[in-house]
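Load the model and keep the sequence beside it. The walk below starts at a strand pairing and ends at the pockets.

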Amino acid sequence: MQLNHYSTNFNNKTFPITLICENVTNAPNIGSLFRTADAFGIEELIFCGDNTTLGRKMMKTSRATEKSVKYKHENDALTLVSNLKNSGYFIIALEITSKSEALIDFTFPKHKPMALIIGDENFGVSEAILNMSDAVIHIDMFGQNSSMNVVQATSVTLYEITKQLKQS
């Protein structure tokens, strides 16, 4: 019998992960990020930039998870990331670069809070934040395209992080 969200036996758990969205502006993506954040039990979702849309289109996609996920908006991603790094967070950027490491090969810190930074739908994570990151990771791609949707990439990455943290 197929279960629904009222009949599942999933254990609620929160992981020491803050998801930072640098200039993610597409309303359906924002709504999906709330659902992803809820599904993977992250501590907080932080939107950075000027055009974060939290309107009707976002709510349609979020399916009310914006009511259960802790979130806030910060104007300056660089200052936020710098402050988190100075507070002991391990800073991870999700971006394909000439020096990025494959997600599947990366071992995430088990006893340190993490900030996962995802970037603008078209331009990715800014160079300044890439330079400040403790790690830059990418998802290996096997098709013609060199990237995937920001929400899909975030979901794949959070799955791997929480899988590793659950095993510790």
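T18 has A115 in β6 as its bridge partner. The pairing behind that contact joins β1 and β6 (residues 114-118), runs parallel and spans five bridges. Strands count as paired if DSSP finds at least two bridges between them. Elements here are DSSP runs, numbered from the N terminus: helices are H or I with at least four residues, strands are E with at least two.

This is a predicted model: local features need pLDDT of at least 70, side-chain atom pairs need 80 or more, and totals for chains, interfaces and linings use all residues. Numbering starts from 1 along each chain as its sequence is written, and side-chain values use heavy atoms, with hydrogens and water left out.

Stay with β1 (15-22). It also pairs with β2 (residues 42-48), again in the parallel sense, over six bridges. Here I20 stands opposite I46. Seven of the eight residues of β1 are buried, meaning under 20% relative accessible area with a 1.4 Å probe and protein chains only; exposed is over 50%, and partly exposed lies in between.

Follow the chain onward. β1, α1 and β2 form a right-handed β-α-β unit. Right-handed means that, with the strands pointing away from the viewer, the path from the first strand over the helix to the second runs clockwise. N23 sits in the loop between β1 and α1. Its phi is positive, about 60 degrees, although N23 is not a glycine. Most residues other than glycine have a negative phi. N23 is partly exposed, at 33% relative accessible area.

Now the pockets. A pocket is an open set of points on a 1 Å grid over the protein atoms alone, where a 1.4 Å probe fits, with protein on both sides within 12 Å along at least five of seven lines; lining residues have an atom within 4 Å of a point. Volume is the space filled by probe spheres set on the points, which are joined across faces, edges and corners.

The largest pocket holds about 1,000 Å³. It is lined by 21 residues, with F10, N12, D38, A39 and F40 closest to its centre. α1 (27-39) and α5 (150-166) each supply at least two lining residues. α5 gives the most, four.

The second largest pocket has about 410 Å³. Of its 22 lining residues, L94, E95, S147, M148 and A153 are closest to the centre. β7 (135-138) and α5 each give two or more. The largest share, three residues, comes from α5.
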